[in-house]
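Dear colleague,

I am handing over the structure we spoke about, and I would be grateful if you could look through it alongside the notes in this message.

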Amino acid sequence: MLSTLPASTLSGCLPTTRSPAVSKLAFFNSVTGGGSKIPNYRVLDALGAPIEGAEVPEISEQFAWRLYENMQLLSTLDDILCSAQRQGRIPFYSLTLISLKYGEEATVIGSAAALADDDEVLSQYRETGVLLWRGFTLDGIMAQVFGNHEDSSKGRQIAVHYGSKQHHFHAVSSPLATQIPQAAGVGFALKRDPERRSKNIACVFFGEGAASEGDFHAGMLLASTVPSPTLFLARNNGFAISTPNSQQFYGDGISARGPGYGVDTVRVDGNDVLAVMNAVKEARRLCLEGGRAVLVEMMTYRVGHHSTSDDSYAYRERQEVEDRNRNDNPITRFRLFMESQGWWNESDEQELLFRLRRDVIKALKRAETVKKPGLEDMFTDVYADEPWNIREQREELMALLKKYGQVWKPWQNELGTLKNGG
Ligand SMILES: Cc1ncc(C[n+]2csc(CCOP(=O)(O)OP(=O)(O)O)c2C)c(N)n1
Ligand SMILES: [Mg+2]
């Protein structure tokens, strides 16, 4: 005989589900229900005024200056280093292109301001602002970009691939998304460390394009099933080089994936530095309190070209970019807010921009005069014991240097640019 029990009483019949049983067949394709989109948390509107009901964080004038100065510093660095690349002084740079701002300053500075300075950060390649916020010097930035002997990676990394143990900033690696499962591991290690448990989190930045990699899913699954205080910060800037995000996913952005992994999730306006700060601060608190992963999706727009190797007008309208830059610029938005508080004016602006340009150019000029690492550094630091093939290559180079180093002009000149003459 067929069961006549009401559908709801069948709940829990199977060990594989705790879902209530229902008699109506219904498919769903929205995590918020009814087909609605995940909302975008905001504090300030595009003109820097608090939106209705917004919780404006209580920040001092001094703290607001620090936020603003770091966003402007990031933008100044971009301008000057892109020009340096165009002049052939450095080989590559990956933020923006001269005259147009990068456009994502609030995502990075707002996040950095909400983290503890000793939280472990695993970044993609657009998160230099975290280092600046933590006091990494301009000389340190230039040493890496120029690959001189003061660079902690001894000139062996591509430009902008920073790393600093002191600043809890894990070295950037070029293959996309590798940092995401690594972060789940770092989060788990923190949880196992009695000195850092409940004190620090692992925080991983990645673009929405990187979230198309399998490593994104591996990282999310790992951090949710082997729980760890890992904060996933997705920068959704609309593009993965030339691929628009409409071709990266069909669902409701990166946020929609969080609940799939049982991860607390929020979407935030990434051009609003106060909203980013509020969201990341709360996300960090949740991470520590529950010892579990949290996902924040920061919605922004990449105003600059992908890198100095890209011309984005080949795949998007120049007008669209200029409109975005003019109408919703994260720096301008926060500047308008500061002006409305009586904390900022035109002469402060001029003084700041002058000082930042002067300091960046000074560091750049200094870095150009610093010697490159010695040749021996090419062969060290990868293997604990030197393998035979590396030894052969090193010995061959030494023999060639002995033969031609002092007699062949091009080599002579080049050796003069290296530490200790090579
Ligand atoms: C595994 C891998 N595939 C492709 C690339 C080439 N690549 C470098 S950056 C990039 C786009 C990444 O886009 P997104 O993650 O959205 O970051 P964004 O540059 O927009 O900040 C691609 C495809 C790479 N570095 N690694
Ligand atoms: Mg992107």
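What follows is a description of the model, going from the whole chain to single residues.

Please keep in mind throughout that this is a predicted model. The secondary structure of the protein chain comes to 12 helices and 8 strands, and the C-alpha trace spans about 100 × 60 × 50 Å along its principal axes. The chain is divided into domain 1, which covers residues 61-369, and domain 2, which covers residues 375-421, and the centres of these two domains, taken over C-alpha atoms, are separated by 37 Å. Of the 422 residues in the protein chain, 39% are buried.

The interior comes next. In soluble globular proteins, nonpolar side chains tend to be buried together. The largest nonpolar core in this model has 87 residues, of which Ile109, Val204 and Val296 touch the most other members, and helix H7 gives the most to this core, with 10 residues. Leaving aside neighbours within four places in sequence, Val296 is in contact with Leu233, Val266, Val268, Ala279, Val280 and Ala283.

Ile109 belongs to helix H2, where it is buried together with residues including Val108 and Gly110. Helix H2 is mostly covered, since 10 of its 10 residues are buried, and these buried residues pack against H1, helix H3 (128-133), strand E4 (230-236), H7, strand E8 (294-299) and H9.

Helix H9, which runs over residues 330-340, has Pro330, Ile331, Arg333, Phe334 and Phe337 as its buried residues. Seen down the axis of H9, these buried residues fall within an arc of 165°, so they line one face of the helix. An α-helix has 3.6 residues a turn, so residues three or four places apart point the same way. What covers the buried residues of H9 includes helix H1 (61-86), helix H2 (105-114) and helix H7 (273-290). Just after H9, Gly342 takes a positive phi of about 75°.

The surroundings of ligand 1 can be described briefly. The ligand is surrounded by 15 residues, the closest of which are Leu176, Gly207, Gly209, Ala210 and Ala240. The residues of this shell divide into 6 nonpolar, 5 polar and 4 charged.

Glu368, by contrast, is partly exposed, with 13 other C-beta atoms within 10 Å. Not counting residues up to four places away in sequence, Ala367 touches Asp139, Met142, Ala143, Phe146 and Asn148, whereas Glu368 touches Arg89 and Phe146 on that basis. As for distances, the C-alpha atoms of Glu368 and Ala143, which are 225 residues apart along the chain, are separated by 8.8 Å, while Ala367 and Gln87, which are 280 residues apart in sequence, are 15 Å apart in space, C-alpha to C-alpha.

Most residues other than glycine have a negative phi, and most peptide bonds are trans. His168 has a positive phi of about 55° although it is not a glycine, and its place is in the loop between helix H4 (138-146) and strand E2 (169-170). His168 is buried, with 20 other C-beta atoms within 10 Å. Asn420, also a residue other than glycine, has a positive phi near 55° and is found in the segment after helix H12 (409-416). Asn420 is exposed, with 11 other C-beta atoms within 10 Å.

With best regards

Notes: Residues numbered from 1 in each chain as written. Chains lettered and ligands numbered in written order. Predicted model: local features only at pLDDT ≥ 70, side-chain atom pairs only at ≥ 80, totals over all residues. Buried ≥ 20, exposed ≤ 12 C-beta atoms within 10 Å, placed from the backbone. Helix = DSSP H or I, 4+ residues; strand = E, 2+ residues; numbered from the N terminus. Arc of directions from axis to C-beta. Contact = placed C-beta atoms within 7 Å. Domains from an automatic or database assignment. Core = buried A, V, L, I, M, F, W, Y, C linked by C-beta atoms within 7 Å. Near = placed C-beta within 6 Å. Nonpolar A, V, L, I, M, F, W, Y, C, P; charged D, E, K, R; others polar.
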